[in-house]
Structures are given as structure tokens and as C-alpha cells.
Amino acid sequence: MVQLCKGAGGSVVINSGVSPSCFGLEKHGISQATEVLWNLPSGVLVDAAIRRGEGILSVNGALVVHTGAHTGRAPKDKYIVRRRDTEGSIDWGSVNQPMRPEAFDDLLRAAIDFTADRTLYAQDLYAGADENHRVLIRVVTQRA
């Protein structure tokens with residue numbers, strides 16, 4: 001399925017895939033992507049990753065990718081925006097480091113600017129198996 005949606009400044013964004021959405025990425029501030037591929041099945045994502053040179057198949061059929069030098073989150077790289085309404089409920093220290101709201105805004109703007117003129121992949125997913133407690137999340141990436 002394909003939907004043409006209005007982007008920034010009246011530009012057209014091509015949204016395609018399974019359950020494409022004209023609602024969403026612009027709500028996150030992302031409005032200048034050239035194409036958004038929505039909720040693609042695993043097999044289609046694997047094919048796209050191979051076609052785009054993002055990975056190869058192992059002899060057993062698993063997708064193998066090189067993640068680069070920075071493969072995980074370092075415990076001291078966790079920052080939380082310090083706000084009056086949540087300040088007392090955070091265990092501040094070397095693990096939960098405070099970040100000024102302005103610094104977060106700068107990082108968010110840089111991330112949003114990075115998405116301009118790119119093809120993006122969007123997946124609407126659940127975190128958690130229990131239907132009573134699971135959380136709906138949206139993952140947006142530049143790679144399949």
C-alpha cells in the first residue's frame with residue numbers, strides 16, 4: 001500500500017509498506033524524509049538490508065550485520081532531562097546523569113535534521129508480552 005502525505009513546506013512524502021501512516025512521524029518532528037517504509041515484515045526487511053549492502057545471510061539463513069565500534073550502551077552514557085516535576089523521583093548519580101532541557105532540545109533537533117531527505121523505516125511495535133502492561137512504541141531507523 002502507498003500513501004502520499006504532506007511533508008514540510010508542502011513537500012510530498014511517500015509512505016508505503018504494511019499499514020502506512022500519514023499520522024505519526026510529523027508528530028515526532030520528522031517531516032522532511034523523502035520516503036517512509038512502514039511496518040514491513042521481517043523477510044522484507046532482511047531482503048532490503050541485503051539489497052542495500054547492510055548485511056549478508058549466514059549459512060544458516062540469519063542476517064549478519066557489522067555494528068561498528070560502538071555496539072552497546074555504556075552505563076555512564078545514560079542521561080535524563082532534569083525537570084522540577086520528576087527531579088525527586090530519579091536516583092541521580094553516575095548512572096542517571098542529569099541533562100539540561102536545552103541540551104536535550106539541541107540533540108533532538110540534530111537527530112530530526114539528520115532524517116531530512118532520507119528513506120526511513122518505521123515499525124509500530126509493543127514492548128512487553130502482557131497485554132495489560134505492554135507499551136506501544138514506534139521505532140524509526142535509517143537502515144532496514
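This note goes through one glutamine and several salt bridges in a predicted model.

1. Glutamine 123 sits in strand 8, which covers residues 119-127. Its relative accessible area is 17%, so glutamine 123 counts as buried, the cut-off being under 20%.

2. What does glutamine 123 touch, leaving aside residues up to four places away in sequence? The contacts are Trp38, Asn39, Leu40, Leu45, Ile137, Arg138 and Val139. Leucine 40 is 83 residues away from glutamine 123 along the chain, yet the C-alpha atoms of the two are separated by 7.3 Å.

3. Two of these contacts can be described at the level of atoms. The side chain of glutamine 123 reaches the backbone nitrogen of asparagine 39 at 3.3 Å. A polar atom of that side chain also lies 2.9 Å from the backbone nitrogen of leucine 40. When looking at the model, follow the side chain of glutamine 123 to the backbone of asparagine 39 and to the backbone of leucine 40.

4. How many salt bridges does a search of the whole structure find? The search finds six. Three of them are taken up below, one to a point.

5. Aspartate 124 forms a salt bridge with arginine 138, and the closest N and O atoms are 2.6 Å apart.

6. Glutamate 54 and arginine 52 meet through their side chains in a salt bridge, at 2.6 Å from N to O. Are these two residues buried or partly exposed? Glutamate 54 is buried, because its relative accessible area of 17% is under the 20% cut-off. Arginine 52, at 39% relative accessibility, counts as partly exposed.

7. A salt bridge also joins the side chains of arginine 82 and glutamate 87, with an N to O distance of 3.1 Å. Arginine 82 is partly exposed, its relative accessible area being 34%. Glutamate 87 falls into the partly exposed class too, with 33% relative accessibility.

8. To sum up the glutamine, glutamine 123 is a buried residue of strand 8 whose side chain reaches the backbone nitrogen of asparagine 39 and has a polar atom 2.9 Å from the backbone nitrogen of leucine 40.

Conventions: Residues numbered from 1 in each chain as written. Predicted model: local features only at pLDDT ≥ 70, side-chain atom pairs only at ≥ 80, totals over all residues. Heavy atoms only, no water. Helix = DSSP H or I, 4+ residues; strand = E, 2+ residues; numbered from the N terminus. Buried < 20%, exposed > 50% of the residue type's maximum accessible area, 1.4 Å probe, protein only. Contact = heavy atoms within 4.5 Å. Polar contact = N/O pair within 3.5 Å; in protein donor to acceptor, adjacent residues only side chain to side chain. Salt bridge = Lys/Arg side-chain N within 4 Å of Asp/Glu carboxyl O.
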